[in-house]
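Student: I'm new to this one and I'd like to learn how to read it. Could you walk me through it?

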Amino acid sequence: VVWSYPGRADYPNLWTIIDPRPPLFCYLGEPVWNRHPFLAVVGSRTPMVEILRWMNRELGEFLRQTGWGIVSGGARGIDQWSHRLALD
């Protein structure tokens, strides 16, 4: 686990405009957020089939075309589905 805070090179650049900005956070892995764009996906743990179809069609294609990544809490449902699309 790596800890980061404002002023460190691995602190997310966009967080510097948040008021109040997070004073401390931790992460695992490579800090890629300052080099690549990301999309946060939030939604239901029990999404409707129509939403999952839309995500497969629209979100999946968007991720393929742009190379954006997904960030979320990793919960079941929409979060899990969006991460699967990103990996696909």
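Student: What does the secondary structure come to?

Tutor: The protein has two helices and four strands, where helices (H or I, at least four residues) and strands (E, at least two) are DSSP runs, numbered from the N terminus. Along the sequence the pattern reads β-β-β-α-β-α. A word on the source: this is a predicted model, where local features need pLDDT of at least 70 and side-chain atom pairs count only at pLDDT 80 or more, while totals for chains, interfaces and linings use all residues. Residues are numbered from 1 along each chain as its sequence is written, and side-chain values use heavy atoms, with hydrogens and water left out.

Student: How is a pair of aromatic rings described?

Tutor: By the distance of the centres and the angle of the planes. Rings of Phe, Tyr and Trp (its six-membered ring) pair if their centres lie within 6.5 Å; planes under 30 degrees apart count as stacked, over 60 as edge-to-face and the rest as tilted. A search of the whole structure finds seven aromatic pairs. In one of them, Y11 and W15 have ring centres 5.7 Å apart and planes at 85°, so the pair is edge-to-face. Y11 and F25 have centres 6.0 Å apart and planes at 65°, so this pair is edge-to-face too.

Student: Which parts does the pair of Y11 and F25 tie together?

Tutor: Y11 lies in the loop between strand 1 (2-4) and strand 2 (25-27), and F25 in strand 2, so the pair ties together parts that are 14 residues apart in sequence. Y11, W15, F25, Y27 and W33 form one aromatic cluster.

Student: Is Y11 buried or exposed?

Tutor: Buried means under 20% relative accessible area, exposed over 50%, partly exposed in between (1.4 Å probe, protein chains only). Y11 is at 2% relative accessibility, so Y11 counts as buried. W15, at 27%, counts as partly exposed.

Student: Which residues of helix 2 are buried?

Tutor: In helix 2 (residues 78-87) they are I78, D79, S82 and L85. Seen down the helix axis, they fall within an arc of 125° (taken from the directions from the axis to the C-beta atoms), so they line one face of the helix. In general, an α-helix has 3.6 residues a turn, so residues three or four places apart point the same way.

Student: What does D79 touch?

Tutor: Contact means heavy atoms within 4.5 Å. Not counting residues up to four places away in sequence, D79 touches V41, V42, G43, S72, G73 and G74.
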